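Let's walk through this fold together, from the overall picture down to single residues. Please keep the viewer open as you read.

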Amino acid sequence: MTMFKLSVPALSLPAAVVAASMIFAAPIPAVAQDAKAGSLMIEQPWARATPGQAKNGAAYMTIHNGGTAGDRLLAASAEVSQRVELHNHINNDGVMQMREVEAIEVPASGMTELKPGSFHVMFMGLSAPLKEGDSFPLTLTFEQAGDLTVTVNVQSVGSMGGMEKMDHGTMDHGGMKHGEGAKTN
Ligand SMILES: [Cu+2]
């Protein structure tokens, strides 16, 4: 009997909550604001705060596709800038450059990550700096799922997103010249 009584405090409430959340919650940060449309789920859209009078900014997110058909992100729109483009980074003889892309593929039963140094949503001609802690709506247009509006959270200038796992010191997006190599319409 004494042993049973002693074992009860060992199963404290916080430990039980942690155990439950490990079982039921997806492994994403608590700050995530996810959005769903059809078989698509947009995980944690975020943008990097822009320094000083920077005219361009970028947003990132992970697009999950739980469906049996692939989809494509065709366009994005937001009020924060004059233009919104879909970009990718390419390695051009060792120099990282950004290029506008026609679409970003999201494979069936798969996902596509928009992240620093890779695919991103580019804001060209910001009307005001993106400030840490702010958030703004971003409408994504998919070929199959149609329009989906997500809330983009602005994180610190040096942020790599919720995961903080990558170290791309030489590929800092914020310091790159946007528009170089990007085609104009
Ligand atoms: Cu870009």
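Of the protein's 185 residues, 26% count as buried, where buried means that 20 or more other C-beta atoms, placed from the backbone, lie within 10 Å of a residue's own. The model is a predicted one: local features need pLDDT of at least 70, side-chain atom pairs count only at pLDDT 80 or more, and totals for chains, interfaces and linings use all residues. Residues are numbered from 1 along each chain as its sequence is written.

The secondary structure comprises two helices and 11 strands, taken as DSSP runs numbered from the N terminus (helices are H or I, at least four residues; strands are E, at least two). Along the sequence the order is α-α-β-β-β-β-β-β-β-β-β-β-β.

The largest nonpolar core has 30 residues, a core being a set of buried Ala, Val, Leu, Ile, Met, Phe, Trp, Tyr and Cys residues joined through C-beta atoms within 7 Å. Ala59, Val121 and Leu138 have the most contacts inside this core, with contact meaning C-beta atoms, placed from the backbone, within 7 Å. Strand 3 gives the most to this core, five residues. Leaving aside neighbours within four places in sequence, Val121 touches residues including Ala59, Val84 and Leu138.

Conventions
Buried ≥ 20, exposed ≤ 12 C-beta atoms within 10 Å, placed from the backbone. Contact = placed C-beta atoms within 7 Å.
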